[in-house]
Every structure is written in C-alpha cells, then in structure tokens.
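Dear colleague,

I am passing on the structure below, followed by some notes on what turned up in it. Please read them with the structure open.

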Amino acid sequence: MTSQDIILTSQRSLHEASILENIYYYFFGSIDLLGIFSHNLHQYTFNYDYLYGQAFFSGVVGVFADILRLLLGINIITGIVYINEVVQGYEYVSPTIRMNNNVTMLYAFISDFGWFGLIIFPSLIAVFCFKCYKKAVMKTTKLNLAIYVYTFSILLFCIIEWFPGRATTILTFVFIYLLAGKKIRV
C-alpha cells in the first residue's frame, strides 16, 4: 500500500479515520460492498442479462484488446469495463466510510452467469490452481514454483478484487514464463 493509496482511501471517509481503519477498508471494504450490491441487485445489474464469461476472461481478452488497440487502433471493451460502469457510484460500507468500483471475484462471477457463475468459475479456478500446485510439486523448477506462488497470491487477493480481470495480471504470467529460465545480470 503506497502513500497515494492511503490518501485516496482516507478521502472516502467522512471523519478522520485512523491508519488501521483505512487499511481495513482498503483491503476488506469490497466484501462489505458486495453485500450492498447483492441486497440491491436491481440497482447494480446490467441493461442486459449477463456478461456470459466476459468478466471472468476479461484479463485474457484485455491482452489481445491492448495489442489490437496499439497496432490497429481497434478499441474492444472488456467485461471488467462493463462492471466498472455499473459500480461507479459511492456506497457507504460503514456509517462513515464509502467505497466504489471495487468488486470481489464473486461479483464478477455473478455478473457473468448469475448465481450459476458461483459454481462454474470457482470450479475452473480450482482446477487451474490444482494443476499449478501439482506441477510445482511433481516437477520443481523455477518456472513451476514462480507460477504456483503467483497463482496463490492472486487467489488471496481475489477476495478483495477480481485481479485476473486485468490484462497486467495475465501478462505477468507471460513474463514469469519468459524470465524464469533466464539469468538476469545486474
């Protein structure tokens, strides 16, 4: 957490919040925000039914969208952009702290396929994490270990925000793959 994050987070409060309060709401306020979204689904739904996987795969699509935007000037909107449009407004997660635009992985799953998304996508994540773990245990290499550690760290932060919805998260896997076997000289 940088000093800029603390300043931005502190601006969400109606009173002078302590550093511990700011850290708590920075990391766990999105869980409270999910509760608000789920209790007011009519306010936080799309003008259409579901995103049908666009939120779940928005990080992967985002990589290709960024390449197409750079090379051909084509602008593709990813699923995470649709979600951000819906959750822009500030909501109070406590009597004095308000938040916006910070959704957990559960909101992304629900946005894709409703409550059925809570079965499909955790299953896919479980299979992916299991394969990363199995590969790291069965064949311990720098690459397998790095991918396993990165996957585990992303999984922990998905409680706070849907990080795999970002192209940078997906690109990190590519850079881990490219750099794991290379000797880096400083």
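In what order do the elements of the protein chain run from the N terminus on? They run α-α-α-α-β-β-α-α-α-α, which gives eight helices and two strands (DSSP runs, H or I of at least four residues for helices and E of at least two for strands, numbered from the N terminus).

This is a predicted model, in which local features need pLDDT of at least 70 and side-chain atom pairs count only at pLDDT 80 or more, while totals for chains, interfaces and linings use all residues. Residues are numbered from 1 along each chain as its sequence is written, and side-chain values use heavy atoms, with hydrogens and water left out.

Of the 186 residues in the protein chain, 35% are buried (under 20% relative accessible area, with a 1.4 Å probe and protein chains only).

The structure holds 13 aromatic pairs, meaning rings of Phe, Tyr and Trp (its six-membered ring) whose centres lie within 6.5 Å, with planes under 30 degrees apart counted as stacked, over 60 as edge-to-face and the rest as tilted. One of them is the stacked pair of Phe56 and Phe121, at 4.4 Å centre to centre and 20° between the planes. Because Phe56 lies in the loop between α2 (19–39) and α3 (58–72) and Phe121 in helix α6 (residues 117–138), this pair ties together parts that are 65 residues apart in sequence. Phe56 is buried, with a relative accessible area of 13%, and Phe121 is buried with 2%.

Phe109 and Trp162 form an edge-to-face pair, at 5.3 Å and 75°, and both are buried.

Best regards

Key. Buried means under 20% relative accessible area, exposed over 50%, partly exposed in between (1.4 Å probe, protein chains only).
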